[in-house]
Amino acid sequence: SVREKMERLLGEMCRAVGPQLAGGGVVVCADSVLFRLPLEQLAMFEKVKMVTRDLSVWHYDARMTRMGDVKLKTEGMCAVYDCHDETGSLLAQPFDKVKDTKETGRTESGVCIPPARDALSRAIQYCPGVCVYLSPGRIGGDIPPDYLAALDLSSGIKCFVVADLLLDTASHRRISYADSRTSPSALAVQTPTLTALLLLARGLASLHTHQHHTTPQAGAATVKSLISTLEKSAPIHEELHKARQQAADTVSYMWTKGNMISWG
């Protein structure tokens with residue numbers, strides 16, 4: 001498995017560093033190529049409270065200096081979901097009981113009238129805290145990377161939860177058709193890793209993204225669980241890492257909130 005190969009490659013470092021990390025938090029700053037690997041699954045991180053990823057030590061320090069210790073709340077949460085109207089009411093359910101949720105760019109029937117790009121732009125501009133993007137497909141495919149690169153995310157939004165990579169029959173047909181008409185170089189910059197790095201580079205304070213494709217049902221369950229975590233004032237980073245450690249293997253955590261990794 002990928003994890004076993006990683007352990008063989010990094011075994012000596014894991015044995016030397018692992019015991020010193022127990023009970024603390026870890027920020028992984030690695031080459032973007034390595035970020036494609038399930039680094040959080042390394043044995044050296046089994047006893048830590050949380051694992052997050054970041055662009056560099058400099059970016060992490062600058063972000064902590066600017067933001068400090070931010071307490072996230074669900075009040076005023078902005079939700080952008082099911083931008084292609086493919087899942088009925090399923091992806092609206094996690095937000096049913098959240099107080100003062102702002103559903104940007106949607107009608108009462110749940111159809112996103114403007115493009116996802118415009119809905120997300122308003123959410124980022126007016127959201128005071130947490131913004132959730134819950135939709136089939138890839139956020140990098142719905143919103144052009146050059147548009148994301150022009151956003152200023154250094155103020156306003158405090159936490160961005162990107163629960164994309166959801167696939168069912170309808171979305172699979174749409175995505176496959178779109179991908180067949182997109183150049184390989186354009187598809188390469190739509191990956192979850194590069195999209196996350198781009199958002200961090202634009203000043204985003206905290207980001208949580210899916211690592212693997214999953215079902216709309218699993219995506220909705222993950223968002224509902226994270227909202228419950230926020231309502232308890234518990235750290236999302238720690239909750240996600242705990243879910244990854246509890247999963248038996250990679251296939252298991254693909255269908256749980258352990259599929260989501262933390263950045264920033």
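Arginine 138 counts as buried, at 17% relative accessibility (buried means under 20% relative accessible area, exposed over 50%, and partly exposed in between, with a 1.4 Å probe and protein chains only). Arginine 138 also forms a salt bridge with aspartate 179, and their closest N and O atoms are 2.8 Å apart (a salt bridge is a side-chain nitrogen of Lys or Arg within 4 Å of a carboxyl oxygen of Asp or Glu). This is a predicted model, where local features need pLDDT of at least 70 and side-chain atom pairs count only at pLDDT 80 or more, while totals for chains, interfaces and linings use all residues. Residues are numbered from 1 along each chain as its sequence is written, and side-chain values use heavy atoms, with hydrogens and water left out.

**Salt bridges**

- The structure holds 4 salt bridges. Side chains of opposite charge can pair when their charged atoms come close.
- Helices (H or I, at least four residues) and strands (E, at least two) are DSSP runs, numbered from the N terminus.
- Aspartate 179 is partly exposed, with a relative accessible area of 22%.
- Glutamate 86 and arginine 174 meet through their side chains in another salt bridge, at 2.6 Å from N to O. Glutamate 86 lies in the loop between strand E3 (78-81) and strand E4 (102-103) and arginine 174 in helix H6 (residues 169-180), so this pair ties together parts that are 88 residues apart in sequence.
- Glutamate 86 is buried at 18% relative accessible area, whereas arginine 174 is partly exposed at 24%.
- Arginine 53 forms a salt bridge with glutamate 40, with the closest N and O atoms 2.7 Å apart. Arginine 53 belongs to strand E2 (residues 50-53) and glutamate 40 to the loop between strand E1 (25-28) and E2, 13 residues apart.
- Both of these residues are buried: arginine 53 has a relative accessible area of 0%, and glutamate 40 is at 1%.

**Strand E7 and its neighbours**

- Strand E7 (residues 207-210) is covered on both faces, with Leu207 and Thr209 buried on one side and His208 and His210 buried on the other. In a regular strand the side chains alternate between the two faces of the sheet.
- Strand E6 (residues 159-166) pairs with E7 in the parallel sense over 3 bridges; two strands pair if DSSP finds at least two bridges between them. Valine 162 stands opposite threonine 209 in E7.
- Strand E8 (residues 260-263) runs antiparallel to E7, joined by 4 bridges. Methionine 260 in E8 is the bridge partner of histidine 210.

**Leucine 165**

- Leucine 165 lies in strand E6 and is buried, with a relative accessible area of 2%.
- Among the residues that leucine 165 touches are Arg138, Pro192 and His210, not counting residues up to four places away in sequence. Contact means heavy atoms within 4.5 Å.
- Leucine 165 and proline 192 are 27 residues apart along the chain, and their C-alpha atoms are separated by 8.7 Å.

**A nonpolar surface patch**

- Val27, Tyr60 and Met64 form a nonpolar patch on the surface, with about 210 Å² of accessible area together.
- Tyrosine 60 has its place in helix H2 (residues 57-67) and counts as partly exposed, at 31% relative accessibility.
- Patches are made of residues with over 30% relative accessible area and no salt bridge, with like charges joined within 9 Å and nonpolar side chains (Val, Leu, Ile, Met, Phe, Trp, Tyr) within 5 Å. Accessible areas come from the Shrake-Rupley method with a 1.4 Å probe; for residues, only the protein chains shown count as cover.
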